[in-house]
Amino acid sequence: MAKARTKKRTHVRAQNASASARGGGASMSKTPKSMVIRVGASQVGSSVSQLVKDVRLMMEPDTAVRLKERKSNRLRDYTSMTGPLGVTHLMLFSKSATGNTNLRMALTPRGPTLHFKVENYSLCRDVEKAMKRPRGGGQDHKTPPLLVMNNFNSPNADENSRVPKRLESLTTTVFQSLFPPINPQATPLSSIRRVMLLNRELTPESEKKEDQEEDSYVLNLRHYAIATKKTGVSKRIRRLDPKEVRNKEKKGAAVPNLGKLEDAADYLLDPSAAGYTSASETEMDTDAEVEIAESTTKKILNKRELQRMKAGEKDKAQKKLNATPGVEKRAVKLVELGPRLRLRLMKVEEGMCEGKVMWHDFISKTEEEANAQEKNWDKKKKEKEARKKLQKENVEKKKQEKAKARADGKGGDDEDEDDEEDWLSDDFDEDEGMDDKEANDDLSDEDESMEE
């Protein structure tokens, strides 16, 4: 009998597959991944739905861009898939009955959860309409953005202030874990193409009034693209460099027509067209100028060259390897992409969208109330563990009875198995966390009390 052919071009071998699975699991555990979810599907409105799409575009590439929500989806439907998919962050956008837009940022699998109220927001299309020269996406979203945070830790904060020190450090850690860390020595500068800015609003001590309360935790989010250009070079010379040609420019305008000129100097030094002698073309409206080493390719030595280097030509080969690349000055400019968000931190929960409230912006509890809350949570935890223990004992008891019935020859009943599964699923659903609608109503009630 002929031997079966093993496909090699279109199928991966078993050893390679297992190795790739191990490697993929390791990279999945290191790289943070997020899911931006619209709670309530079409009930939140078109504006919030577009905001969710813009936030997904900002969180690329390690996010679920094509996620589609349904009205029947519950929070546990998403949390059950966070483990197999390696999702580390959930960003839940919802709208309360009073019309307030809320954002819940939760860490999987055990929390904590930060509840924000979206006070103001602007979509990407609104930002593009306000700009004279909007920038297209291009290849910017293939790499994660650079996270820059400002004023997250106030100098005068302590454990007794309205925003305690532990809350500032917790919020800093949560936002830092959104994107993979950057190694300055190994990360190439060309891979950093976007910036995500988070600024906390702090009132200076000189501007504070005597009767004014302490500041709340308010964050402003901005999203920019990094644009660089050579400095000290006119626009005409820059157009001759293929690296500086933008994708948005027409193909015919990439290289100028020099057929009617006798010399290239007539094009570069044309006074009527403001050539190289014009100082206005060599300057750029920029925030800073940096020096960047030009990317150069280094030759990999083969065995013969390594032997020669060991034999006596070490200095000559080392000079070739350590040839210093040229350094050029480039002007850096930030072009806003959107969206814009103004977030006010309302409360912090201990678990995954459920659990004990660790901090609240408007409600402060005394020591006695905090101790009573702690006892209540301990009681609920013990009751939940007792129910799970009883359920496990009942399942084991029914398995033994069925095994005994099979041994006696009576056989088992399939209907009892279905009833048992339904009973177990119903009992476990009672232990699930607060529903999305209840969470939104809870936050809307707090907003109504604040307005009163």
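1. Arg-135 is partly exposed, at 26% relative accessible area (buried is under 20%, exposed over 50%, partly exposed in between, with a 1.4 Å probe and protein chains only). Its side chain meets that of Asp-140 in a salt bridge, 3.1 Å from N to O. A salt bridge here is a side-chain nitrogen of Lys or Arg within 4 Å of a carboxyl oxygen of Asp or Glu. Asp-140 is buried, at 6%.

2. This is a predicted model: local features need pLDDT of at least 70, side-chain atom pairs count only at pLDDT 80 or more, and totals for chains, interfaces and linings use all residues. Residues are numbered from 1 along each chain as its sequence is written, and side-chain values use heavy atoms, with hydrogens and water left out.

3. Arg-38 and Glu-69 form a salt bridge, with their closest N and O atoms 3.4 Å apart. The pair links distant parts of the chain, 31 residues apart: Arg-38 lies in strand E1 (34-38), Glu-69 in the loop between H2 and helix H3 (75-85). Helices (H or I, at least four residues) and strands (E, at least two) are DSSP runs, numbered from the N terminus. Arg-38 is buried at 19%. Glu-69 is buried too, at 12%.

4. Glu-336 and Arg-340 pair through a salt bridge of 2.6 Å, N to O. Glu-336 is buried at 11%; Arg-340 is partly exposed at 33%. Salt bridges with shared partners also join Glu-119, Glu-201, Arg-342 and Arg-344 into one network. The whole structure has 13 salt bridges.

5. Buried residues of H2 include Val-48, Leu-51, Asp-54 and Arg-56.
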